[in-house]
Amino acid sequence: MPLQPIDGRRQVPAPHDGIGSTDMTRIPMMGTEHAGTGGRNGSVVTASGSREPGGDDRSNTAIITRTKPRTKRPSLYRVLLLNDDYTPMEFVVLVVERFFNKTHEDAYRIMMHVHQNGVGECGVFTYEVAETKVTQVMDFARKHQHPLQCVMEKK
C-alpha cells in the first residue's frame, strides 16, 4: 500500500475501502541524525517491511500502526400493539398514523393485523426511540380512556 506524506515525519496509507482506518506514523528512533530517513544513505522501511531503493539492512525508523475501533451498531427493538376487545379500530388507526408516521392505508393494514392476530408490529427503532414511542402511545390511550397496550421487544 503506497504511503502518502502529510508532512516530513507523519505518513498515512493511501485511501482504501477496508474496514476501520489505519494510521501509520513514522517515528525516528533514538540516536538518529536524520529524522525521517531509515538508514545512513536514506533508505525507508515501508509498511510491508520492504525497503525503498538506496538503503542498507539497518533502519533507524520505526513504523507504528494503530487501527481505530469501529462503532458497534445499536440493538433494534420492535414496537408492538396488542389487541383488546374494547379499543375502537378507528382509534388504533389514529395512533399508528400519529405516532408511527404511517399512511392511512398502512395504518389500517397494521390495525387489521393486530385485530386478526392479536399483535402487530408498528416499527423497528433503537432502544430510546422505541421506549419513547411506547410511552407516548400508552399515555395517549390512557388520556382517551382506552386500554390499548403497546410494548417493545428486542429484534
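Colleague: Which residues of α3 are buried?
Modeller: In this predicted model, the buried residues of α3 are Ala130, Lys133, Val134, Val137, Met138, Phe140 and Ala141. They sit on the same side of α3, because the arc they cover around the axis is only 165 degrees.

Colleague: And what does the face turned away from the buried side carry?
Modeller: Glu128, Arg142 and Lys143, which are exposed.

Colleague: How far apart are the end C-alpha atoms of α3, and what span should its 17 residues have?
Modeller: The ends are 24 Å apart. At 1.5 Å a residue, the 17 residues should span 24 Å, so the two agree.

Colleague: What follows α3?
Modeller: Glutamine 145, and its phi is positive, near 60 degrees.

Colleague: Let's turn to aromatics. How many aromatic pairs are there in the whole structure?
Modeller: The search finds four. One of them is formed by phenylalanine 91 and phenylalanine 140, and it is stacked, with 5.4 Å centre to centre and 10 degrees between the planes. Phenylalanine 91 belongs to helix α1 and phenylalanine 140 to helix α3, so this pair ties together parts 49 residues apart in sequence.

Colleague: Which residues form the aromatic cluster?
Modeller: Phe91, Phe99 and Phe140 form one cluster.

Colleague: Now the largest nonpolar core. Which of its 24 residues touch the most other members?
Modeller: Those are Leu81, Val137 and Leu148. The elements that give two or more residues to this core are β5 (76-82), α1 (89-100), α2 (104-117), β6 (119-126) and α3 (127-143). Of these, α1 gives the most, with seven residues. In soluble globular proteins, nonpolar side chains tend to be buried together.

Colleague: What is leucine 81 in contact with, leaving aside neighbours within four places in sequence?
Modeller: Among its contacts are Val92, Val96, Val114, Val119 and Cys122, along with Val137 and Leu148. Leucine 81 also contacts Gly118, Gly120, Gln149 and Cys150.

Colleague: One more spot. Where is aspartate 84 found?
Modeller: Aspartate 84 is in the loop between β5 and α1. Its side chain has a polar atom 2.8 Å from the backbone nitrogen of tyrosine 86, and a polar atom of that side chain lies 2.6 Å from the backbone nitrogen of threonine 87.

Colleague: And which residues does aspartate 84 contact beyond four places in sequence?
Modeller: Pro147 and Leu148. The C-alpha atoms of aspartate 84 and leucine 148 are separated by 6.7 Å, although these residues are 64 residues apart along the chain.

Colleague: Last topic, the overall picture. How many helices and strands does the protein have?
Modeller: Three helices and seven strands. Read from the N terminus, the order is β-β-β-β-β-α-α-β-α-β.

Colleague: And what percentage of the 155 residues count as buried?
Modeller: That comes to 30%. As for contacts with a separation of 6 or more, 56% are between residues 24 or more positions apart.

Definitions and conventions:
Residues are numbered from 1 along each chain as its sequence is written. This is a predicted model: local features need pLDDT of at least 70, side-chain atom pairs count only at pLDDT 80 or more; totals for chains, interfaces and linings use all residues. Side-chain values use heavy atoms; hydrogens and water are left out. A nonpolar core is a set of buried Ala, Val, Leu, Ile, Met, Phe, Trp, Tyr and Cys residues joined through side-chain atoms within 4.5 Å. Buried means under 20% relative accessible area, exposed over 50%, partly exposed in between (1.4 Å probe, protein chains only). Helices (H or I, at least four residues) and strands (E, at least two) are DSSP runs, numbered from the N terminus. Contact means heavy atoms within 4.5 Å. The expected span of a helix is 1.5 Å times one less than its number of residues. The arc is that of the directions from the helix axis to the C-beta atoms. A polar contact is a pair of N or O atoms within 3.5 Å; within protein, one must be able to donate a hydrogen and the other to accept it, and residues adjacent in sequence count only if both atoms are side-chain atoms. Rings of Phe, Tyr and Trp (its six-membered ring) pair if their centres lie within 6.5 Å; planes under 30 degrees apart count as stacked, over 60 as edge-to-face and the rest as tilted.
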